[in-house]
Amino acid sequence: MNQDAIALAIAGVMPAAIATGLFVSLFTAMEPVPTIGPTGAVEFDYTPVSGLIDIPCIAAPESPANIVATEVRALTEITASEIRHVLLDAWYPQLDAGWRGENSDDKGAWIATIDGFNYEISGVESDSQTTQTRVKVTLATV
Amino acid sequence: MPLQQKLRTLAMADAGMQSYLLGTNGTFRFFDAQLPKGYVGQGTCVTAMVVSSALDYVQSGPLALEWVRVQINVWDMDSVVAKNLANYIQNSWMPRVDCVTDSQFQSPPGPPLSAANFKLSQRGVLDYSVMPTPAWTEILDFRVANNTNI
């Protein structure tokens with residue numbers, strides 16, 4: 001068996017997916033840029049991350065088979081969560097490395113803008129063959 | 001001027017506080033109440049939070065003098081650094097912080113005339129909200145005299 005064929009097949013996955021024309025949404029990663037006021041209060045403005053702007057993607061609902069009601073009613077408030085599973089058109093290690101915004105790192109947590117809506121990034125994963133990056137995003141409204 | 005602005009202004013003017021909190025990128029890591037993400041990695045941070053304030057009254061009404069409980073948190077990834085800055089705040093900085101008169105806010109700044117600040121307690125904790133490794137936090141509780149007219 002020609003094992004090179006496996007690598008060739010893997011390399012062809014994303015071009016084939018892109019060729020379907022389904023990557024109709026645009027994904028932009030946004031990082032917080034702080035402004036510190038005179039009292040030391042911090043205000044964050046989110047700005048696009050260079051190299052991660054307007055990436056073609058598929059932003060699918062969490063469950064494509066049906067509509068999932070994730071709206072929870074309580075006595076005093078309503079929380080509505082919209083969760084999407086986003087497939088980007090290529091492997092973006094910069095996103096994988098930077099989205100967390102851990103406190104001990106020199107950066108804050110990133111958000112994602114998809115087709116004009118701002119989402120929190122819940123997780124980022126890349127496949128073992130580094131052909132694609134997938135992002136789970138959440139839009140929660142209280 | 002809000003008390004936190006007074007404290008931050010005087011901290012920025014203090015060489016000892018600068019040595020701990022002023023980063024090479026120009027950021028002075030003295031924050032109002034909350035520790036924003038991404039700064040403990042740069043170095044020692046301080047947050048000042050007003051817990052409560054009590055206003056003195058006389059028969060004709062309230063005075064401008066209030067007694068403010070201020071919680072000052074000192075954060076660092078190194079416990080010794082956090083304790084050293086906490087000691088510096090206790091022994092050197094807060095005894096020279098005057099929030100009662102405007103002497104230190106003049107140009108040029110004058111000496112502190114009424115630095116009536118009392119340390120009430122101190123405790124050390126680990127803050128696990130700082131990921132991936134927790135930050136050492138020294139929590140100082142002060143009672144600060146503040147003139148609300150300044």
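Guide: We can go through the chains one topic at a time, keeping in mind that this is a predicted model.

Visitor: Great. How many helices and strands does chain A have?
Guide: Chain A has 3 helices and 8 strands. Along the sequence they come in the pattern α-α-β-β-β-β-β-α-β-β-β.

Visitor: And what share of chain A is buried?
Guide: Of its 142 residues, 18% count as buried.

Visitor: How many residues of chain A are in contact with chain B?
Guide: On the chain A side there are 15, in contact with 20 residues of chain B. The chain A residues that touch chain B divide into 5 nonpolar, 6 polar and 4 charged.

Visitor: Let's switch to chain B. What is the strand order in its open sheet?
Guide: The sheet has 5 strands in the order 1-2-3-5-4, with mixed pairing. Strand 1 and strand 4 of chain B are the edge strands, each pairing on one side only. On average, neighbouring strands are turned by 25° against each other, ignoring direction.

Visitor: How do strand 2 and strand 3 of chain B run, parallel or antiparallel?
Guide: They run antiparallel, and 12 bridges join them. If you'd like a spot to look at, find B:Ala48, which stands opposite B:Ile72 in strand 3 of chain B.

Visitor: Which strands does helix 1 of chain B lie across?
Guide: Helix 1 of chain B lies across strand 1, strand 2, strand 3 and strand 5, and it runs at about 130° to strand 2 of chain B. Helix 3 of chain B also packs on the sheet, touching strand 3, strand 4 and strand 5, with its direction at about 15° to that of strand 5 of chain B.

Visitor: Back to helix 1 of chain B: how many of its residues are buried?
Guide: 7 of its 10 residues are buried, so this helix is mostly covered. Among them are B:Leu3, B:Leu7 and B:Leu10. The cover includes helix 2 of chain B as well as strands such as strand 1 (30-32) and strand 2 (45-58).

Visitor: Now helix 3 of chain B. Which of its residues are buried?
Guide: B:Ala82, B:Leu85, B:Ala86, B:Ile89 and B:Trp93 are buried. They cover an arc of only 105° around the axis, which puts them on the same side of helix 3 of chain B.

Visitor: What about the other side of that helix, which residues are exposed there?
Guide: There, B:Val80, B:Asn91 and B:Ser92 are exposed.

How values were computed:
Residues are numbered from 1 along each chain as its sequence is written. Chains are lettered from A and ligands numbered from 1 in the order in which they are written. This is a predicted model: local features need pLDDT of at least 70, side-chain atom pairs count only at pLDDT 80 or more; totals for chains, interfaces and linings use all residues. Helices (H or I, at least four residues) and strands (E, at least two) are DSSP runs, numbered from the N terminus. A residue is buried if 20 or more other C-beta atoms lie within 10 Å of its own, exposed if 12 or fewer, and partly exposed in between; C-beta atoms are placed from the backbone. Two residues are in contact if their C-beta atoms, placed from the backbone, lie within 7 Å. Ala, Val, Leu, Ile, Met, Phe, Trp, Tyr, Cys and Pro count as nonpolar, Asp, Glu, Lys and Arg as charged, and the others, Gly among them, as polar. The arc is that of the directions from the helix axis to the C-beta atoms. Two strands pair if DSSP finds at least two bridges between them. Axes are lines fitted to C-alpha atoms, for helices over the stretch in contact, and angles run from 0 to 180 degrees between N-to-C directions.
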